[in-house]
Amino acid sequence: MEKTFLILGAVVIFMASFSKADLAKEKTVVATATTTNHVSFQSNPGEKLINKSDCLGCHNKTNKIIGPAYVEIAKKYPATEKNINMLADKIIKGGTGVWGNMPMTAHATLKKDDAKLMVKYILSLKKK
C-alpha cells in the first residue's frame, strides 16, 4: 500500500513539473458593484495563482491529499513577514521533512512576489 502511494505521489509530482501556467498577469483583482448593489464575486490574487498552478495536484484547502491542507499550514505558521518569505522560498525551491517524507517539488520559474501572494492567501485561511 505504501509503495502504491509513493508511486502515485511520484507520478503526480512528475506531471506537475510540466505545468507552464502564466501567473504573472494575475496580480490584481478589482471588485465591481452591480446595479442591484451586489458586489460581484471577488477572488484573492493568491488564490487565483494557486488555482492556475499545479498546487491543487497535491494540496487542498481543507483536506490533506499528498501535501498538507492549506488550513493546516495556516494553523502551523503565523502570518509574519518572516514566515511569508520562508514559505515563499519553500514553494520556489521545494523541500521535504516538515510534513512527512514526501518531497514538495520546486517551482523555480515562479516569481517570489507571486509565491508571497500565494502564501498570504494560504495563511489568511487560519481559523480564529
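I worked from a predicted model, and I began with helix α5, which runs over residues 112-123 and has 12 residues. From its first C-alpha to its last, α5 reaches 16 Å, close to the 16 Å expected at 1.5 Å a residue.

I then looked up which residues of α5 are buried, and found Asp114, Ala115, Lys116, Met118, Val119, Tyr121, Ile122 and Leu123. These buried residues pack against α2 (45-51), α3 (70-76) and α4 (81-93).

Next I asked how many salt bridges there are, and the count came to 3.

I noted that lysine 116 and glutamate 81 meet through their side chains in a salt bridge, at 3.3 Å from N to O. Lysine 116 lies in helix α5 and glutamate 81 in helix α4, so this pair ties together parts that are 35 residues apart in sequence. Lysine 116 is buried, with a relative accessible area of 17%, whereas glutamate 81, at 43%, counts as partly exposed.

I found a further salt bridge between the side chains of lysine 112 and aspartate 89, at 2.7 Å from N to O. Here, too, a residue of α5, lysine 112, is joined to one of α4, aspartate 89, and the pair therefore ties together parts 23 residues apart in sequence. Lysine 112 is partly exposed at 31% relative accessibility, and aspartate 89 is partly exposed at 27%.

Lastly, I recorded the salt bridge of glutamate 72 with lysine 75, at 3.3 Å from N to O; both residues lie in helix α3, 3 residues apart, about one turn of the helix. Glutamate 72 is partly exposed at 34%, while lysine 75, at 56%, counts as exposed.

Note on methods
Residues numbered from 1 in each chain as written. Predicted model: local features only at pLDDT ≥ 70, side-chain atom pairs only at ≥ 80, totals over all residues. Heavy atoms only, no water. Helix = DSSP H or I, 4+ residues; strand = E, 2+ residues; numbered from the N terminus. Expected span 1.5 Å × (residues − 1). Buried < 20%, exposed > 50% of the residue type's maximum accessible area, 1.4 Å probe, protein only. Contact = heavy atoms within 4.5 Å. Salt bridge = Lys/Arg side-chain N within 4 Å of Asp/Glu carboxyl O.
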